[in-house]
Amino acid sequence: MDIIQAAKFLGAGMATIAFVGSGIGIGIVFGNYISAALRNPGAAQSQFTNLYIGYALCELQGLFGLLIALILMFT
Amino acid sequence: MAASPMEQFEVVPLIPIHIGGFDISFTNQALWMCIAVVAASLFLTLPVARGRLVPTRMQSMAELSYQFVADMLHMTSGEEGLVFFPLIFTVFMFILTANFMGLIPGSFTVTSQIAVTFALTALVILTVIVSGFARHGLRFLKLFVLDAPIYIAAPMALLEFIAFCARPISLSLRLFANMLAGHTMLQVMAGFVVALIGAGGVLSALSIAPMLLIIGLGALEILVAFLQAYVFAILSCIYLSEALHLHEHH
């Protein structure tokens, strides 16, 4: 049964790779928001909601990876 | 010996109650939820009870949080959305208080339990479905139909339906996973400090490094605690706004 346990831990570790995409996505969201806000500071405030929706959606993709890691570790 | 980083999320019964085979014990989670509700209620009622024209610091804090949520709801769902203000404001203040109180060392983070976050999400999603059907009747199902030719609209309707079903999962999972990950990280860093001090000699002096990291991460967690309450509230606003307006823009 050791091999199954080892495979679970390996799988849990690999599931955290999901955060690579999450990190790239959040970087793109905030980077583009700042560059757009510097071009047109007047419109920046109105897009604040969209900024955080984009952030939440990007972050969620990484959290699915975390969820899989947790399931592998604790079941 | 450092404790397991997951130990802080353990629900332990404080007053065991068993009725008819059901375990409805008063747990530490229930206790901290009660504390969160009382704290939020006191924060919002006591400072404004006097109702000064020139607000005190606490009064302006309470007024600011009210105005913040009202603006957010007005911006996303317009004038009609304000009927949902009590729901959104309650959910926002509860999550915010619970998140902040979870940051106090030794406390219990209520929002790190998926049962709690999913119950909050179910409240919001059921409100969306009930108010959508009450307002539009069966026209509410047009939420899934795009204004497009049938060979695009039919598969898209399926996708939209799956996306709608995934909303409660994503909304509850986001809050739960953020709180869980943040608090586990703090606990692991705290474990480093304990282990380094226990190692003795030069290594004890090195324990200052993870300690400084904990302070930085603690500041980050305060930001995350607010941000997750905000994201939860704003996504709830958007879902409710879709139920009110379907696809048309106000």
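How many residues does the contact take from chain A, and how many from chain B? The contact takes 9 residues from chain A and 11 residues from chain B. On the side of chain A that touches chain B, 7 residues are nonpolar, 1 is polar and 1 is charged. This is a predicted model.

**Chain B at a glance**

- Chain B has 7 helices and 4 strands.
- Along the sequence, the pattern of chain B reads β-β-β-β-α-α-α-α-α-α-α.
- The C-alpha trace of chain B spans about 75 × 55 × 45 Å along its principal axes.
- Chain B has 250 residues, and 25% of them count as buried.
- Take the contacts in chain B between residues at least 6 apart in sequence: 65% of these join residues at least 24 apart.

**The largest nonpolar core**

- The largest nonpolar core holds 43 residues.
- Within this core, Phe92(B), Phe232(B) and Ala233(B) touch the most other members.
- Both chains supply this core: α4 (48-74) of chain A gives at least two residues, and so does each of α1 (28-49), α2 (57-77), α3 (85-102), α4 (114-136), α5 (150-199) and α7 (208-245) of chain B.
- The largest share of the core comes from α7(B), with 12 residues.
- Leaving out residues up to four places away in sequence, Phe92(B) touches Val69(B), Ala229(B) and Ala233(B).

**Describing helix pairs**

- Two packed helices are described by the angle between their axes and the distance between the axes.

**α1(B) with α2(B)**

- The axes of α1(B) and α2(B) come within 8 Å and cross at roughly 125°.
- From α1(B), the contact uses Phe43(B), Leu44(B), Pro47(B) and Val48(B).
- From α2(B), the contact uses Met58(B), Gln59(B) and Ala62(B).
- By class, the contact of α1(B) with α2(B) has 6 nonpolar residues, 1 polar residue and no charged ones.

**α4(B) with α5(B)**

- The axes of α4(B) and α5(B) come within 8 Å, and they cross at roughly 140°.
- These two helices, α4(B) and α5(B), are therefore oblique to each other.
- The crossing of α4(B) past α5(B) is right-handed.
- On α4(B), the contact is made by Ile114(B), Thr117(B), Phe118(B), Thr121(B), Ala122(B) and Ile125(B).
- On α5(B), the partners are Arg167(B), Pro168(B), Leu171(B), Ser172(B), Leu175(B) and Phe176(B).
- The contact of α4(B) with α5(B) has 8 nonpolar, 3 polar and 1 charged residues.

**α5(B) with α7(B)**

- The axes of α5(B) and α7(B) come within 10 Å and cross at roughly 175°.
- Are α5(B) and α7(B) roughly parallel or roughly antiparallel? An angle over 145 degrees counts as roughly antiparallel, so α5(B) and α7(B) are roughly antiparallel to each other.
- The contact of α5(B) with α7(B) has 18 nonpolar, 4 polar and 3 charged residues.

**One residue up close: Ile129(B)**

- Ile129(B) is found in helix α4 of chain B.
- Ile129(B) has 13 C-beta neighbours inside 10 Å, so it counts as partly exposed.
- Along the chain, Ile129(B) and His183(B) are 54 residues apart, and their C-alpha atoms are separated by 34 Å.

Technical notes. Residues numbered from 1 in each chain as written. Chains lettered and ligands numbered in written order. Predicted model: local features only at pLDDT ≥ 70, side-chain atom pairs only at ≥ 80, totals over all residues. Contact = placed C-beta atoms within 7 Å. Nonpolar A, V, L, I, M, F, W, Y, C, P; charged D, E, K, R; others polar. Core = buried A, V, L, I, M, F, W, Y, C linked by C-beta atoms within 7 Å. Buried ≥ 20, exposed ≤ 12 C-beta atoms within 10 Å, placed from the backbone. Axes fitted to C-alpha atoms, helices over the stretch in contact; angles between N-to-C directions. Parallel < 35°, antiparallel > 145°, perpendicular 65-115°, else oblique. Left-handed = near helix turned anticlockwise from the far one by under 90°.
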